[in-house]
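Good morning, and thank you for the time on today's agenda.

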Amino acid sequence: MTDAATQGVLPAPAHERRDDLGRLVAVSWHGDGSGEASGPARWLVAVDGSAGSLRAVSMAAGLATPEQGAGVDLVHVQPWLNKEAAETELPRRGWQATVQARQLLDAASVPWRLHVLMGEGAPEIASLADALGSRGIAIGSRGLTATESLLLGSVAHRIVHLARLPVLIVR
């Protein structure tokens, strides 16, 4: 990626998806060399800008194999926005929240794609992993105890129960 792209200048997305009302609900970008490759050589990593999510990105970068199509798909999920806010806020928030993750992957020469979705975190992440045919999902833990996760319902905990493929929770 160019310096401008990693420094927060919002480039045009590679893909956009809209709902039945015409509201922007998903955008994606491809990093240098990531192309359209999908499948079992790519990990899906949930990124929210936290230290835990960056550790998950580092772990997935190390697990990305040198085989054809290897790389990392980053996903950032935003809560529901109204139609007007979604047009500018969905792409901007997702791009900004993933700056460090993209820089980390660029530094490790790991091809990446970024998917920014609107909706509820765990179901959107699990569904995207299925749609992409990902090797697995990596997600950072917020450090909740088992009891706190049960009572508060962490995204990582919900993904473990929703996903149909391996889930790597990184502390």
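I begin with Ser109, which counts as exposed because its relative accessibility is 64%; exposed means over 50% relative accessible area, buried under 20%, and partly exposed in between, with a 1.4 Å probe and protein chains only. Ser109 is not a glycine, yet its phi is positive, at about 55°. This serine sits in the loop between H4 and S5. Helices are DSSP runs of H or I with at least four residues, strands are runs of E with at least two, and both are numbered from the N terminus.

Before going on, a word on the source. The model is a predicted one, in which local features need pLDDT of at least 70 and side-chain atom pairs count only at pLDDT 80 or more, while totals for chains, interfaces and linings use all residues. Residues are numbered from 1 along each chain as its sequence is written, and side-chain values use heavy atoms, with hydrogens and water left out.

Now the chain as a whole. The chain holds seven helices and seven strands, and from the N terminus on their order is α-β-β-β-α-β-α-α-β-α-β-α-α-β. Of its 171 residues, 46% are buried. Contact here means heavy atoms within 4.5 Å. Among contacts between residues at least 6 apart in sequence, 75% join residues at least 24 apart.

Next, the sheet. In what order do the seven strands lie in the open sheet? The order is S1-S2-S5-S4-S3-S6-S7, and the pairing is mixed. S1 and strand S7 (167-170) are the edge strands, each pairing on one side only. From one strand to the next, the twist averages 20°; such angles run from 0 to 180 degrees between N-to-C directions, and axes are lines fitted to C-alpha atoms, for helices over the stretch in contact. Two strands are taken to pair if DSSP finds at least two bridges between them.

Strand S1 (residues 15-18) pairs with S2 in the antiparallel sense over four bridges, and Glu16 has Val27 in S2 as its bridge partner. The two strands form a hairpin with five residues between them, and Gly22 in the turn has a positive phi of about 85°. Arg17 also belongs to S1. Arg17 is partly exposed, its relative accessible area being 46%. Leaving aside neighbours within four places in sequence, Arg17 is in contact with Arg23, Leu24, Val25 and Ala26. Its C-alpha atom is separated by 6.4 Å from that of Val27, 10 residues apart along the chain.

Why can strand S2 (residues 24-30) be called largely enclosed by the rest of the structure? Six of its seven residues are buried. On to strand S5 (residues 112-118), which pairs with S2 in the antiparallel sense over five bridges; there, Ser28 has His115 as its bridge partner. By contrast in sense, strand S3 (residues 42-46) and strand S4 (residues 71-78) pair in parallel over five bridges, with Asp73 in S4 as the bridge partner of Leu44.

Thr98 lies in the loop between helix H3 (83-97) and H4 and counts as buried, at 0% relative accessibility. Not counting residues up to four places away in sequence, Thr98 touches Val47, His76 and Leu114.

Finally, two helix pairs. The axes of helix H2 (residues 51-63) and helix H4 (residues 99-107) come within 10 Å and cross at roughly 25°. That angle makes H2 roughly parallel to H4; angles under 35 degrees count as roughly parallel, over 145 as roughly antiparallel, 65 to 115 as roughly perpendicular and the rest as oblique. Leu54, Val57, Ser58 and Ala61 in H2 meet Gln100, Ala101, Leu104 and Leu105 in H4.

For helix H5 (residues 121-132) and helix H7 (residues 155-162), the axes come within 9 Å and cross at roughly 45°. H5 is therefore oblique to H7. In this contact, Gly121, Ala122, Pro123, Ile125 and Ala126 of H5 meet Val155, Arg158, Ile159 and Leu162 of H7. Thank you for your attention.
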